[in-house]
There are 2 protein chains.
Amino acid sequence: MGKKAVLLLSGGLDSATVLAIAKSQGYDVYALSFKYGQRHAVELQAADRVAAKLDATEHKIAEIDLRLFGGSALTADIAIPKNRSNHDIGHGVPITYVPARNTIFLSFALAWAEVLGAYDIFIGVNAVDYSGYPDCRPEFIESFEKTANLATSYAIESGQKIQIHTPLINLSKSEIIKLGLQLGVDYSMTISCYDPSPQGQACGTCDSCILRAKGFAEHAIIES
Amino acid sequence: MGKKAVLLLSGGLDSATVLAIAKSQGYDVYALSFKYGQRHAVELQAADRVAAKLDATEHKIAEIDLRLFGGSALTADIAIPKNRSNHDIGHGVPITYVPARNTIFLSFALAWAEVLGAYDIFIGVNAVDYSGYPDCRPEFIESFEKTANLATSYAIESGQKIQIHTPLINLSKSEIIKLGLQLGVDYSMTISCYDPSPQGQACGTCDSCILRAKGFAEHAIIES
């Protein structure tokens, strides 16, 4: 048995890669996904496939209804932007931003980590090819890590530090794909689209689809 | 219309007092309670009464199932300790501790604050007559406040700081009661018990009942 780690798993490309990384480092991975009123429940089916295929020890789905507050195209009845340029994607906070999402997700991961006695939490945030979310930046993650160590009795009593691992934070999308392929990740299991069909077909035109396609294209150019 | 504030409201004595304090400071108060798989749903009825009586602008109840992770007598099937001495209550982390609870609750408050454009969050934590929870300490609150300001786009874009207000943090239970009575709080609306009857009757012997009784007794002695 390895050391236990909690991983935030979305069913997308990034968190699948992080699961493969954590496994390659010898962790027993406890994967946590959220049903948070998002439009795309197909994401959760992808998360299930990824957890099984990449050998997570356990996969839990927490239900939280972020629609209660509204305020995002991912949870409320607002249109997902399509066909934006690379320049637009990298600038400003998009309407797909979910308020305080990573703070909420990491809080739940922390609760499970405490119950498991796990000191390692993995999250697939990325500050390079990211979509302009403030809670994907290293300064946010560092601050949350400090908060986590003050919040929980098991960290205080043991003197052992909780660590938030962000192995993708400085990688481009094509570097993430390269690393995942080296670790044997089958990306056909994953879905990145903000607005897939009910059958799980990606739209190809939302920010997330564009970033994913760009990543695969760049990876192919670098590799060829 | 005053400034908007989000308040964490439990239906207990402390958060009712904080609602009265926030109102006395001119805030429009948006009260947030949680249905988190706790044994005592009567707490939510008390929160409803308090929100209505003390004139909250809105009261929302977020459903999150912390039983998913287990690990606490307040959410799992573990007996609530009874008749503990004052010495025992003040020492060590009790079994009623819910992992990462205030981190989760504050994260949700932050999400709602962002949607509302509110920069003030009130929480009734208390570090004096408290029950040994690490996430009731000032160092935890300060750290969460820093994290909140890094997590959210509205704080970053406006340059205005999010503040976590803890007006009870240095008060004894009897001082809290005194302040609340001055502000007109009717404490018969509130319930503090960890293990009430389905009819909402307090048990009188759990840590929370003991601290409440001690607070009222001391207040009576000081006032008489």
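Reply: One definition before anything else: a residue is called buried if 20 or more other C-beta atoms lie within 10 Å of its own, and exposed if 12 or fewer do. Please also keep in mind that this is a predicted model.

Me: ok, with that cut-off, how many residues of α1(A) are buried?

Reply: Eleven of the twelve residues of α1(A) are buried, and the helix is mostly covered. The buried residues include L13(A), D14(A) and S15(A) as well as V18(A), L19(A) and K23(A).

Me: and how far does α1 of chain A reach?

Reply: Helix α1 of chain A, residues 13-24, reaches 17 Å from its first C-alpha to its last, which is close to the 16 Å expected at 1.5 Å a residue. Just after α1(A), G26(A) takes a positive phi of about 90 degrees.

Me: Stepping back, what pattern does chain A follow along the sequence?

Reply: Chain A has eight helices and five strands, and read along the sequence they follow the pattern β-α-β-α-β-α-α-β-α-α-β-α-α. Of the 224 residues of chain A, 51% count as buried. Among contacts in chain A between residues at least 6 apart in sequence, 73% join residues at least 24 apart.

Me: Do β1 and β2 of chain A run parallel or antiparallel?

Reply: They run parallel, with five bridges joining strand β1 (residues 4-8) of chain A to β2(A). A5(A) has V29(A) as its bridge partner in β2(A), and L8(A) stands opposite L32(A) in that strand.

Me: Then the core: which residues have the most contacts inside the largest one?

Reply: L7(A), L19(A), L7(B) and L19(B) have the most contacts inside the largest nonpolar core, which has 135 residues. As background, nonpolar side chains tend to be buried together in soluble globular proteins.

Me: What is L7(B) in contact with, neighbours in sequence aside?

Reply: Leaving aside neighbours within four places in sequence, L7(B) is in contact with V18(B), L19(B), A22(B), V29(B), Y30(B), A31(B), L32(B) and F122(B).

Me: Now the contact between the chains. How many residues does each one give?

Reply: The contact takes 37 residues from chain A and 37 residues from chain B. On the side of chain A that touches chain B, β3 (58-63), α4 (101-116), α5 (138-151) and α6 (153-158) each supply at least two residues. The largest share of that side, ten residues, comes from α4(A), and its residues divide into 21 nonpolar, nine polar and seven charged.

Me: and how are the two copies related?

Reply: A rotation of 180 degrees, with 0.0 Å of shift along its axis, superposes chain A on chain B with an RMSD of 0.0 Å, so the two copies are related as by a two-fold rotation axis. The same surface serves both copies, since 100% of the contact residues of chain A recur in chain B.

Me: Which residue of chain A comes closest to that rotation axis?

Reply: That is I64(A), whose C-alpha is at 2.7 Å from the rotation axis.

Me: I keep clicking on T103(A). Where is it found?

Reply: T103(A) is found in helix α4 of chain A, and it is buried, with 26 other C-beta atoms within 10 Å. Neighbours within four places aside, T103(A) is in contact with D135(A) and F144(A), and also with S107(B), L110(B), T147(B) and A151(B).

Note on methods: Residues numbered from 1 in each chain as written. Chains lettered and ligands numbered in written order. Predicted model: local features only at pLDDT ≥ 70, side-chain atom pairs only at ≥ 80, totals over all residues. Contact = placed C-beta atoms within 7 Å. Helix = DSSP H or I, 4+ residues; strand = E, 2+ residues; numbered from the N terminus. Nonpolar A, V, L, I, M, F, W, Y, C, P; charged D, E, K, R; others polar. Core = buried A, V, L, I, M, F, W, Y, C linked by C-beta atoms within 7 Å. Least-squares fit on C-alpha atoms with pLDDT ≥ 70 in both. Expected span 1.5 Å × (residues − 1). Pairing = 2+ DSSP bridges.
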